[in-house]
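Reader: Please take one part of this model and describe it closely. I would like the surroundings of that part as well, with the cut-off behind each term.

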Amino acid sequence: MISSILLMGIKHTGKTFLGKKLAETMNRQFYDLDDIIVSIYRKRVPEAADATCRTIYSNHGKEYFQALEAAGAARLKNSIRKNPAVIA
């Protein structure tokens with residue numbers, strides 16, 4: 001069974017850069033959880049078109065942000081089960 005690869009670590013350490021390169025090398029789909037979090041937030045708050053993970057966290061706090069992270073991970077769950085991917 002081929003598994004997905006999840007890159008975790010401290011912010012601004014190159015997870016997205018490395019993830020894209022790794023996905024390209026392995027011929028896998030790449031998902032950036034930060035992009036998914038922002039997408040979910042923008043659907044909930046349409047007037048927040050310029051939102052970033054940083055602004056979401058600072059405006060709403062850790063618990064709210066973690067709930068968005070969980071929603072993003074749940075969204076990925078079915079996709080990566082069928083097609084292993086690289087996630088940052």
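**A helix and what covers it**

Author: N27 counts as exposed, because its relative accessibility is 73%; here exposed means over 50% relative accessible area, buried under 20%, and partly exposed in between, with a 1.4 Å probe and protein chains only. The model is a predicted one, in which local features need pLDDT of at least 70 and side-chain atom pairs count only at pLDDT 80 or more, while totals for chains, interfaces and linings use all residues. Residues are numbered from 1 along each chain as its sequence is written, and side-chain values use heavy atoms, leaving out hydrogens and water.

N27 sits in the loop between α1 and β2, where helices (H or I, at least four residues) and strands (E, at least two) are DSSP runs, numbered from the N terminus. N27 is not a glycine, yet its phi is positive, at about 55°. H12 also has a positive phi, near 65°, and is likewise a residue other than glycine. H12 lies in the loop between β1 (5-6) and α1 (15-26), and it counts as exposed at 69% relative accessibility.

The protein chain has 4 helices and 3 strands, in the order β-α-β-α-α-α-β. Its C-alpha atoms fill a box of roughly 40 × 25 × 20 Å along the principal axes. Buried residues account for 30% of the 88 residues.

Which residues of α4 are buried? They are F65, L68, G72 and L76. An α-helix has 3.6 residues a turn, so residues three or four places apart point the same way. Among the elements that cover the buried residues of α4 are β2 (29-31), α2 (33-44), α3 (53-60) and β3 (85-87).

Rings of Phe, Tyr and Trp (its six-membered ring) pair if their centres lie within 6.5 Å; planes under 30 degrees apart count as stacked, over 60 as edge-to-face, and the rest as tilted. By this rule there are 2 aromatic pairs. The pair of Y41 and Y64 is edge-to-face because the ring planes stand at 90°, with the centres 6.2 Å apart. Y41 belongs to helix α2 and Y64 to helix α4, so this pair links distant parts of the chain, 23 residues apart. Y41 counts as buried at 6% relative accessibility, whereas Y64 counts as partly exposed at 26%. The pair of Y57 and F65 is also edge-to-face, at 5.6 Å centre to centre and 70° between the planes. Y57 is partly exposed, with a relative accessible area of 40%, and F65 is buried, with 9%.

The nonpolar cores come next. A nonpolar core is a set of buried Ala, Val, Leu, Ile, Met, Phe, Trp, Tyr and Cys residues joined through side-chain atoms within 4.5 Å. The largest has 15 residues, and I37, Y41, I56 and L68 have the most contacts inside it. At least two residues of this core come from each of α2, α3 and α4, and α2 gives the most, with 6 residues. Contact means heavy atoms within 4.5 Å. Setting aside neighbours within four places in sequence, I37 is in contact with C53, I56, F65, L68 and E69. A second, separate core has 5 residues, including L7, A23, F30 and V86.

Contacts over the whole chain can be counted too. Of those between residues at least 6 apart in sequence, 60% join residues at least 24 apart.

D50 is in the loop between α2 and α3 and counts as exposed at 66% relative accessibility. D50 and A73 are 23 residues apart in sequence and 22 Å apart in space, C-alpha to C-alpha.
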